[in-house]
Amino acid sequence: MKIHIPNSAFLGNIDPFIRGFDPSSPETLEITANDKWIAIHPIVLSMLAALGSTLRPEDILCRKLEAKSRHYLVRMGLFKSLGIPSDISIVEHEPAGRFIPITRVRTSDELSRFMAEMIPLLHLEPGQARTIGYIVSELARNVIEHAEAEHGALLCAQYYKKSNSIRIGIADTGVGVKATISRSHAAETDLDAIRLALQPGITGATRREGGTEQNAGAGLFFIKSIASVNRDFFAIYSGSGLFKLLKSTSLKPRLKADPFEDRHSKEGDLPFWRGTAVGADITLDQTAEFSSLLDAVGNTYRAAVRERVKARYKRPRFL
Amino acid sequence: MKRISILEKAGAFAENKDVARDIRLQDILPELDKGSEVVLDFEGVDAATQSFVHALISDVMRKHGGSALDLMAFKSCNEEVRKIISIVADYMQEGMGPP
C-alpha cells in the first residue's frame with residue numbers, strides 16, 4: 001500500500017488524497033508526504049493509523065518528512081501508533097483544550113473509559129461537549145459492534161482556534177459498510193450501502209422496523225443531521241464509495257432522510273478502502289441547540305418510518 | 001415499584017449500550033413481566049445517546065406493546081434526554097403500528 005500526505009487534506013478537498021491511495025500490496029505500507037507543508041484533517045491521521053494497525057512496524061516505510069509542520073504528526077501520535085521511530089523532536093504539551101491524539105478503541109468498556117477522559121480534554125461548554133461526545137460515541141460503537149475490525153477503531157480529533165471548530169476522524173479496517181448493510185438490505189455498490197446506512201431506521205442487523213433490541217440504525221443519521229443543521233462537513237468513505245455532506249447554503253437547512261437529497265458530493269470508483277473512515281467537522285460558534293436539533297431529527301425520523309411502513313401496505317385489488 | 005438510577009449504572013453521559021442491555025434484562029423486564037411499575041431515574045444524567053435509550057427500552061416496548069409506557073416512567077430527565085426518549089418511543093410505536 002502507498003499513501004501520500006498532501007499539502008492540504010480537509011473534508012472539503014479530501015478527494016485527491018483518497019484518489020492517491022494505492023491499496024495494492026497490502027503486506028507493506030509506504031508513507032510519503034509533501035515536502036513543504038502538511039495541513040490535514042484528523043480523518044487522514046486515523047486512516048494512516050488504521051492502515052498501520054494491520055501491519056508489523058518493520059513492514060511500514062515512512063519516507064523522511066521535510067515539511068515544516070511535520071511535528072504535528074508526532075504530536076498527534078502517528079509514529080507511536082504505527083510503532084515506528086521518528087527523528088522529529090518536539091516539546092510535548094498537555095493535550096488539554098487542543099486535541100485528542102490517535103487513540104485505539106476496541107471494546108465497549110474501552111470506549112466508555114475513553115469518553116470519560118476525552119470530554120474534559122476538550123475544555124468545551126457542556127452543550128458542545130455533549131455534541132462531540134455524542135458523535136464520537138456513536139461512531140466508535142458502530143465500529144465495535146458492526147465492523148468486525150480486529151484492530152478496533154482508530155480515532156483522533158483536533159480543535160481549530162481560527163474556525164472555532166472541532167474536527168473528528170475515525171477509521172477502521174473491518175468489513176466495511178456494504179458487508180454490514182447487505183446482511184439485511186440489498187445494496188449493489190458501496191455507495192448504495194452508504195446511502196442506506198445514513199437513512200434513519202436502516203440497520204444491517206435486521207429488516208424489521210424499529211431495529212433489533214440493540215440496534216436502531218439511527219446513529220449515522222443523527223451525526224449527519226448534526227453536521228447538516230450546523231452547516232458543517234461530514235464524510236464517509238468505505239470500499240470504493242465516498243459520500244460527502246457539503247456545507248448547506250441555506251440558513252436553516254432542512255433534514256432529509258435520504259442523504260442523496262442533501263447538498264452532497266459522491267464518488268463510487270475510488271481506491272478500495274477495506275473498512276470505513278468517517279470525518280466530521282463541528283463548528284462550535286454555530287452549534288445549534290442540541291435540543292432544537294432533536295426536534296428536527298424526531299420529525300424526520302417519524303416521517304421516514306411512516307413512509308416505509310406505508311410502502312409495505314397491501315393495496316386493495318380493484319377488479 | 002422499582003426505581004433504577006441510570007446515573008449509578010451508566011454515568012452522567014449514558015452511552016454504553018451494554019450497560020443499557022443489562023438494565024433492560026436484569027431490572028426492567030423482570031418487573032414488567034410481573035406487572036410491576038419501573039421508574040427510570042435520570043437524575044444527574046447530562047446526556048444519553050439514542051443508541052443507549054434504544055437499547056434500554058425498545059425491546060421492552062416490543063415485548064409489552066403499548067402497556068410498556070404505562071408501566072415505565074422516566075424521572076428527572078433534562079430536556080434533551082426527554083426528547084431522545086420521545087424519539088425512540090415514537091419510532092418504536094410508528095413501526096409497531098396502531099395500538
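Let me start with A:Ala33, which is buried, because 22 other C-beta atoms lie within 10 Å and the cut-off for buried is 20 or more. Keep in mind that this is a predicted model.

A:Ala33 belongs to strand S3 of chain A, residues 29–33. What does A:Ala33 touch, leaving aside residues up to four places away in sequence? The list is A:His4, A:Ile5, A:Ile38, A:Leu65 and A:Ala67. Take A:Ile5 from that list: A:Ile5 and A:Ala33 are separated by 28 residues in sequence, but their C-alpha atoms are 4.3 Å apart in space.

Next, a pair of helices. In general, two packed helices are described by the angle between their axes and the distance between the axes. For H9(A) and H10(A), the axes come within 10 Å and cross at roughly 125 degrees. The two helices are therefore oblique to each other, and their crossing is right-handed. On the H9(A) side, the contact is made by A:Phe222, A:Ser225, A:Ile226 and A:Val229; H10(A) brings A:Leu293, A:Ala296 and A:Val297. By type, the residues of this contact are six nonpolar, one polar and no charged.

Last, the interface between the chains. In chain A, 31 residues are in contact with 28 residues of chain B. Helices H5 (108–121), H6 (126–147), H9 (219–229) and H10 (290–311) of chain A each supply at least two residues to the side that touches chain B. Which helix gives the largest share of that side? H10(A) does, with 11 residues. The side of chain A that touches chain B divides into 12 nonpolar, 11 polar and eight charged residues.

Notes. Residues are numbered from 1 along each chain as its sequence is written. Chains are lettered from A and ligands numbered from 1 in the order in which they are written. This is a predicted model: local features need pLDDT of at least 70, side-chain atom pairs count only at pLDDT 80 or more; totals for chains, interfaces and linings use all residues. Helices (H or I, at least four residues) and strands (E, at least two) are DSSP runs, numbered from the N terminus. A residue is buried if 20 or more other C-beta atoms lie within 10 Å of its own, exposed if 12 or fewer, and partly exposed in between; C-beta atoms are placed from the backbone. Two residues are in contact if their C-beta atoms, placed from the backbone, lie within 7 Å. Ala, Val, Leu, Ile, Met, Phe, Trp, Tyr, Cys and Pro count as nonpolar, Asp, Glu, Lys and Arg as charged, and the others, Gly among them, as polar. Axes are lines fitted to C-alpha atoms, for helices over the stretch in contact, and angles run from 0 to 180 degrees between N-to-C directions. Angles under 35 degrees count as roughly parallel, over 145 as roughly antiparallel, 65 to 115 as roughly perpendicular and the rest as oblique. A crossing is left-handed if the near helix is turned anticlockwise from the far one by less than a right angle, and right-handed if clockwise.
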